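Good morning, and thank you for the time on today's agenda. I would like to take you through one protein structure, step by step, with the model on the screen.

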Amino acid sequence: MQFQYSPNWDLNWELPSEVKAKLPKASCKESTRQALLCASDFSPLGYASKKRSQFPFPGILAIDTPHPRNSALYHLTKQLLQKYHKEVRPVHDWTEATTVHLDVSLRAVLDVDVQNQKLKTNVWYREVWDDEFLSWNSSMFDDIREISLPLSAIWAPDIIINEFVDIERLPDLPYVYVNSSGTIKNSKSIQVVSACSLETYAFPFDIQNCSLTFNSILHTVEDVDLAFLRSREDIKHDKKAFLNDSEWELLSVSSTYNILQSSAGDFAQIQFHVVIRRRPLIYVVSLLIPSIFLMLVDLGSFYIPPTCHARIVFKTSVLVGYTVFRVNMSDDIPQSAVSTPLIGVFFTVCMAFLILSLSKSILLVKFLHNEQCSGQKQPLLCLQGDTNTDGLRMDPRAQLVGVTESPACQEHQAQSGTLNEVLSQLHSISSYFQTQDQMDRQEVGWLALLERFDRLLFQGYLVVLVLYTITLCSLWALWSGL
């Protein structure tokens with residue numbers, strides 16, 4: 001009960017009946033002033049008046065207010081920590097090891113940094129151990145069976161994660177629970193940035209397996225041993241706390257216990273193997289299907305005749321499309337110095353086939369252009385009718401025409417008038433046609449060779465496309481089977 005004094009009170013009025021009932025002396029009930037003064041002698045009542053010089057009591061009068069030091073929880077906490085030394089491992093027999101039970105629940109995959117080979121996760125971590133110096137008889141302390149104590153005031157195991165490369169802590173939980181038998185429960189949520197060997201060859205159907213290894217940094221297995229808080233099967237298939245709405249899906253969290261032997265001693269360690277897989281649907285729609293369409297268009301360009309100039313224009317446009325597509329998807333494909341995604345390798349091979357086919361078409365057009373130019377220059381030289389000492393030979397057909405039509409040739413024949421000159425002209429005509437036939441056969445041979453090479457490129461391109469499709473389907477089937 002509380003009784004509050006107001007500065008506007010008149011000290012001549014009578015006290016309320018419930019207050020008078022608590023006053024044991026009859027003399028104390030005579031007046032208000034005497035009652036207040038008398039009450040201050042036997043109870044925690046106090047009051048204040050308008051004049052502080054006369055009554056040095058506060059303005060609030062309290063009755064039956066308990067003090068924190070009178071609670072059982074205060075006396076229990078004081079008794080437990082009064083002579084406690086957190087520097088000492090909490091065992092009565094120093095040869096007995098302290099067993100720390102560990103448990104891990106993966107809550108979310110925050111980031112997968114393939115380039116730096118880092119995995120960022122949010123983990124709910126729990127550890128339980130027995131402290132032989134923090135036990136009590138609950139019947140002596142109002143049947144208190146569990147209390148919270150500051151973690152900084154008690155001994156705690158030095159458990160670390162070996163794969164730590166960085167840690168982004170959430171707000172620390174400064175307290176731990178302790179029950180009457182001395183069992184301590186420490187639970188906390190941490191954001192772990194750990195090193196992990198990330199494989200991206202099967203992107204976007206990749207499956208990652210990363211480990212979190214817990215062990216004591218100082219105490220050997222003779223001092224601090226580790227154990228599982230739950231069964232391994234429960235840990236492996238526990239997905240209740242995982243936020244399953246991100247890009248990654250949790251498959252399992254398997255665990256193993258082993259002894260790490262080193263020159264400093266034998267250390268107990270527990271490994272949790274986190275297996276996650278990527279959800280590929282967004283990459284199938286935005287990367288794989290457009291890439292297959294672009295490859296089919298490039299494959300269709302082989303049906304354009306090799307001697308057609310439009311084929312070069314078409315393949316050049318496809319090459320530009322390849323380049324733009326590679327630039328746009330470079331942000332979506334993970335970059336790693338360890339492994340290259342299969343889709344990146346396939347695009348590189350397809351671009352190599354495209355460049356070879358384009359180079360072949362350019363060489364073919366250049367060859368045909370040179371042949372046409374040489375075929376046009378020779379008749380012009382022959383029409384000049386000049387067989388000088390430099391070895392320029394006249395066109396036999398032009399010479400033949402000159403025999404029948406050119407006045408200069410008729411005059412020349414008239415002057416020579418020999419049969420040997422006529423035979424010489426005939427030999428020249430025969431030699432010219434033989435040369436032309438040889439050049440035509442050579443041109444046909446080159447065309448056949450280039451067409452054979454073009455057909456070989458087409459078959460190789462088709463084989464690569466089929467293998468790529470089969471591999472992607474196999475990876476997708478393997479991904480779906482897990």
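I shall begin with the chain as a whole and then turn to particular residues.

Please keep in mind that this is a predicted model. The protein chain contains ten helices and 13 strands. It has 482 residues, of which 38% are buried. The accessible surface amounts to about 28000 Å², and carbon and sulfur atoms account for 58% of that surface. Consider next the contacts between residues at least 6 apart in sequence: 72% of these join residues at least 24 apart.

Y468 lies in helix 10, which spans residues 419-481. Is Y468 buried or exposed? Its relative accessible area is 3%, so Y468 is buried.

I turn now to the disulfide. The count for this structure is one. The pair is C196 and C210, with sulfur atoms 1.9 Å apart. The angle about the S-S bond is -85 degrees, and the link is left-handed. What does this pair tie together? C196 lies in the loop between strand 9 (183-195) and strand 10 (207-216), whereas C210 lies in strand 10, so the link ties together parts 14 residues apart in sequence. Both cysteines are buried: C196 has a relative accessible area of 7%, and C210 has 4%.

The loop between strand 9 and strand 10 also holds P204. A cis peptide bond joins F203 and P204, with omega at about 5 degrees.

If we follow the chain beyond strand 10, we come to I217, in the loop between strand 10 and strand 11 (224-228). I217 is exposed, with a relative accessible area of 55%. Together with I160 and L218, I217 forms a nonpolar patch on the surface, with about 290 Å² of accessible area in total.

Q117, in the loop between strand 3 and strand 4 (118-130), has phi near 55 degrees, a positive value in a residue other than glycine. D143, in the loop between strand 4 and strand 5 (146-150), likewise has a positive phi, of about 60 degrees, although it is not a glycine. How do their surroundings compare? Q117 is buried at 15% relative accessible area, while D143 is partly exposed at 45%.

D143 brings us to the salt bridges. How many does a search of the whole structure find? The search finds ten. One of the partners of D143 is R145, and the closest N and O atoms of this pair are 3.3 Å apart. R145 is exposed, with a relative accessible area of 53%.

D298 pairs with K315, with the closest N and O atoms 3.7 Å apart. This pair links distant parts of the chain, for D298 is in helix 5 (residues 281-300) and K315 is in helix 6 (residues 309-329), 17 residues apart. D298 and K315 are both buried. R311 pairs with D454, and here the closest N and O atoms are 2.5 Å apart. R311 is in helix 6 and D454 is in helix 10, 143 residues apart. These two residues, R311 and D454, are buried as well. Finally, salt bridges that share partners join D103, R126, R230 and D238 into one network.

Definitions and conventions:
Residues are numbered from 1 along each chain as its sequence is written. This is a predicted model: local features need pLDDT of at least 70, side-chain atom pairs count only at pLDDT 80 or more; totals for chains, interfaces and linings use all residues. Side-chain values use heavy atoms; hydrogens and water are left out. Helices (H or I, at least four residues) and strands (E, at least two) are DSSP runs, numbered from the N terminus. Buried means under 20% relative accessible area, exposed over 50%, partly exposed in between (1.4 Å probe, protein chains only). Contact means heavy atoms within 4.5 Å. Accessible areas come from the Shrake-Rupley method with a 1.4 Å probe; for residues, only the protein chains shown count as cover. A disulfide is a pair of cysteine sulfur atoms within 2.5 Å. Patches are made of residues with over 30% relative accessible area and no salt bridge: like charges are joined within 9 Å, nonpolar side chains (Val, Leu, Ile, Met, Phe, Trp, Tyr) within 5 Å. A salt bridge is a side-chain nitrogen of Lys or Arg within 4 Å of a carboxyl oxygen of Asp or Glu.
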